[in-house]
Amino acid sequence: MDQVQHSEVLCNAIMALISPELYDSGLKAIELIKQGQEMAKPHPHQQQWPSIFIASQVIVNRVTPPHRGLRGVPYTL
């Protein structure tokens, strides 16, 4: 948690600027989680969570191979 804290603060600040309502909603949700009101069971790291988001994702595959979804249009280069 300590290693991602600075980047999470930056993401929080960006969200507060571009979508204040969404930022406020996320902040309220995280506050409830930290109070233990919205958790099925406590987690040892919930008090250290630095983000307004409930999860973080990392995209590691920057290039998506050509593919077609079930209802998508064909993709060609």
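This section describes the fold, the surface and selected residues of a predicted model.

The chain contains two helices and zero strands. Helix α1 spans residues 5-18, and helix α2 covers residues 20-34. Of the 77 residues in the chain, 14% are buried. The accessible area of the chain amounts to about 7000 Å², of which 60% is supplied by carbon and sulfur atoms. When contacts between residues at least 6 apart in sequence are considered, 48% join residues at least 24 apart.

A nonpolar patch on the surface is formed by Leu-10, Ile-14, Leu-17 and Ile-18, which together contribute about 460 Å² of accessible area. Within this patch, Leu-10 is a residue of helix α1. Leu-10 is classed as exposed because its relative accessibility is 52%, and the cut-off for this class is over 50%.

Helix α1 also holds Glu-8. In contrast to the exposed Leu-10, Glu-8 is buried, yet this residue has no salt bridge. The nearest side chain of opposite charge belongs to Lys-34 and lies 11 Å away, whereas a salt bridge requires a separation within 4 Å. The side chain of Glu-8 is instead joined to that of Ser-51 by a polar contact of 2.9 Å.

The C-alpha atoms of Gly-26 and Ser-51 are 8.6 Å apart in space, with 25 residues of separation in sequence. Gly-26 has a relative accessible area of 12% and is therefore buried, as the cut-off for burial is under 20%.

Notes:
Residues numbered from 1 in each chain as written. Predicted model: local features only at pLDDT ≥ 70, side-chain atom pairs only at ≥ 80, totals over all residues. Heavy atoms only, no water. Patch = residues over 30% accessible without salt bridge, like charges linked within 9 Å, V, L, I, M, F, W, Y side chains within 5 Å. Areas by Shrake-Rupley, 256 points an atom, 1.4 Å probe, with all protein chains shown as cover. Helix = DSSP H or I, 4+ residues; strand = E, 2+ residues; numbered from the N terminus. Buried < 20%, exposed > 50% of the residue type's maximum accessible area, 1.4 Å probe, protein only. Lys, Arg positive; Asp, Glu negative; His and termini not counted. Polar contact = N/O pair within 3.5 Å; in protein donor to acceptor, adjacent residues only side chain to side chain. Contact = heavy atoms within 4.5 Å.
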